[in-house]
Amino acid sequence: MEADIEKCFDKINHDFLIENTIICDKKIITEWLKAGVLEAGKISQTSEGMPQGGVISPLLCNITLNGIETFIKKTANEEG
């Protein structure tokens with residue numbers, strides 16, 4: 001299976017990720033996701049997404065997408 005996840009990092013839902021993470025310390029993940037973005041000396045709050053350059057972002061993206069293949073196959077089998 002192949003999928004285009006072009007905007008995946010931009011659109012990850014923080015609440016979904018925190019609720020479904022296997023990482024034990026959800027407080028740290030919450031603080032990291034809600035830290036905001038610093039641009040031109042101004043901090044903007046973030047309600048979704050995560051920085052693509054962050055060292056933990058690929059792991060959190062994989063956690064978020066875990067199970068999507070099974071869900072898509074199950075849905076396709078039910079509809080077809």
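Me: Why does I72 count as partly exposed?
Reply: The model is predicted, and in it I72 has a relative accessibility of 35%.

Me: Where is I72 found, and what patch does I72 form with I68 and F71?
Reply: I72 is found in helix α5. Together with I68 and F71, I72 makes up a nonpolar patch on the surface, and the accessible area of the three is about 280 Å².

Me: What makes the pair E69 and K73 a salt bridge?
Reply: The N to O distance between their side chains is 3.1 Å. The cut-off is 4 Å from a Lys or Arg nitrogen to an Asp or Glu oxygen, so the pair E69 and K73 qualifies as a salt bridge.

Me: Why are E69 and K73 separated by about one helical turn?
Reply: Both are in helix α5, residues 68–79, and they are four residues apart, which means a separation of about one helical turn. An α-helix has 3.6 residues a turn, so residues three or four places apart point the same way.

Me: Are E69 and K73 buried or partly exposed?
Reply: E69 has a relative accessible area of 40% and K73 has 46%.

Me: Why is K27 called exposed and E31 partly exposed?
Reply: Exposed means over 50%. K27 has a relative accessible area of 58%, so K27 is exposed. E31 is at 47%, so E31 counts as partly exposed.

Me: What makes the pair K11 and E48 a link between distant parts of the chain?
Reply: The side chains of K11 and E48 meet in a salt bridge at 3.5 Å, N to O. K11 is in helix α1, E48 is in the loop between β2 and α4, and 37 residues separate them. K11, at 53% relative accessibility, counts as exposed, while E48, at 38%, is partly exposed.

Me: How many salt bridges does this rule give?
Reply: The count is three.

Me: Why is S57 called buried?
Reply: Buried means under 20% relative accessible area. S57 is at 0%, so S57 counts as buried.

Me: Where is S57, and what does S57 touch?
Reply: S57 is found in helix α4. Leaving out residues up to four places away in sequence, S57 touches F9, W32, M50 and P51.

Me: Which residues of α4 are buried, and what puts them on the same side of the helix?
Reply: The buried residues of α4, residues 57–65, are S57, L60, C61, I63 and T64. They span an arc of only 160 degrees around the axis, and therefore lie on the same side of α4. Their cover includes α1, α2 and α3.

Me: Is T21 buried or exposed?
Reply: T21 has a relative accessible area of 9%, and the limit for buried is under 20%, so T21 is buried. T21 lies in the loop between α2 and α3. Neighbours within four places in sequence aside, T21 is in contact with K26 and I63.

Me: Why is N66 called exposed?
Reply: N66 has a relative accessible area of 66%, which is over 50%, so N66 is exposed. N66 lies in the loop between α4 and α5. N66 and T21 are 45 residues apart along the chain, and their C-alpha atoms are separated by 9.7 Å.

Me: What is the phi of G67, and how is G67 classed by accessible area?
Reply: G67 follows α4 and has a positive phi, near 95 degrees. The relative accessible area of G67 is 41%, so G67 is partly exposed. G67 is found in the loop between α4 and α5.

Me: What is the mean pLDDT of the chain, and where is confidence lowest and highest?
Reply: The mean pLDDT of the chain is 83, with 98% of its residues at 70 or more. Confidence is lowest in strand β1, residues 37–39, at a mean of 83, and highest in β2, at 89.

Key:
Residues are numbered from 1 along each chain as its sequence is written. This is a predicted model: local features need pLDDT of at least 70, side-chain atom pairs count only at pLDDT 80 or more; totals for chains, interfaces and linings use all residues. Side-chain values use heavy atoms; hydrogens and water are left out. Buried means under 20% relative accessible area, exposed over 50%, partly exposed in between (1.4 Å probe, protein chains only). Helices (H or I, at least four residues) and strands (E, at least two) are DSSP runs, numbered from the N terminus. The arc is that of the directions from the helix axis to the C-beta atoms. Contact means heavy atoms within 4.5 Å. pLDDT is the predictor's confidence in each residue, from 0 to 100. Patches are made of residues with over 30% relative accessible area and no salt bridge: like charges are joined within 9 Å, nonpolar side chains (Val, Leu, Ile, Met, Phe, Trp, Tyr) within 5 Å. Accessible areas come from the Shrake-Rupley method with a 1.4 Å probe; for residues, only the protein chains shown count as cover.
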